[in-house]
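Colleague: Could you take a close look at one part of this model for me? I'd like a single residue and its surroundings, talked through in one go.

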Amino acid sequence: LLMLVAIPSAAQQDAWYAAMRKAESARQSGRMNEARQAYEDALRAAESDPALATERAMAIGKRASLWHDVQRTREAESGYRAAIEILRRQPASELV
């Protein structure tokens, strides 16, 4: 049985990484709106490439954690569930 593995584009992966770094920096400095926007930028970068499913889950999970920090528990729970579902669908070899 031959399994095709999608390889992420370097440009999209770089865009995701840059947005995640920006989000974390903003969050650590207490700039929550800027952090939320950067997590959403990271999410958009990951959504444009099916090979970045794990990165998409990470962006959703981090955004959910931000929602938790600002007492938006409904959004946080929804985000955590979405991230878990994305990871649940990934082959075990891609979760390492």
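This is a predicted model: local features need pLDDT of at least 70, side-chain atom pairs count only at pLDDT 80 or more; totals for chains, interfaces and linings use all residues.

Modeller: Here is a look at W16 and the helix that carries it. Residues are numbered from 1 along each chain as its sequence is written, and side-chain values use heavy atoms, leaving out hydrogens and water.

W16 sits in helix α1 (helices are DSSP runs of H or I, at least four residues, numbered from the N terminus). With a relative accessible area of 9%, W16 is buried (under 20%, 1.4 Å probe, protein chains only). Leaving aside residues up to four places away in sequence, W16 touches A42, A45, A46, E55, M58 and A59 (contact is heavy atoms within 4.5 Å).

Now zoom out a bit. The largest nonpolar core has 20 residues, and W16, M20, Y39, A42 and A59 touch the most other members (such a core is a set of buried Ala, Val, Leu, Ile, Met, Phe, Trp, Tyr and Cys residues joined through side-chain atoms within 4.5 Å). Helices α1 (10-28), α2 (32-47), α3 (53-69) and α4 (73-88) each give two or more residues to this core, and α2 gives the most, with seven.

As for the α1 and α2 pair, their axes come within 8 Å and cross at roughly 165 degrees (lines fitted to C-alpha atoms over the stretch in contact, with angles from 0 to 180 degrees between N-to-C directions). That makes α1 roughly antiparallel to α2, since the label applies over 145 degrees.

Definitions and conventions
Buried means under 20% relative accessible area, exposed over 50%, partly exposed in between (1.4 Å probe, protein chains only). Angles under 35 degrees count as roughly parallel, over 145 as roughly antiparallel, 65 to 115 as roughly perpendicular and the rest as oblique.
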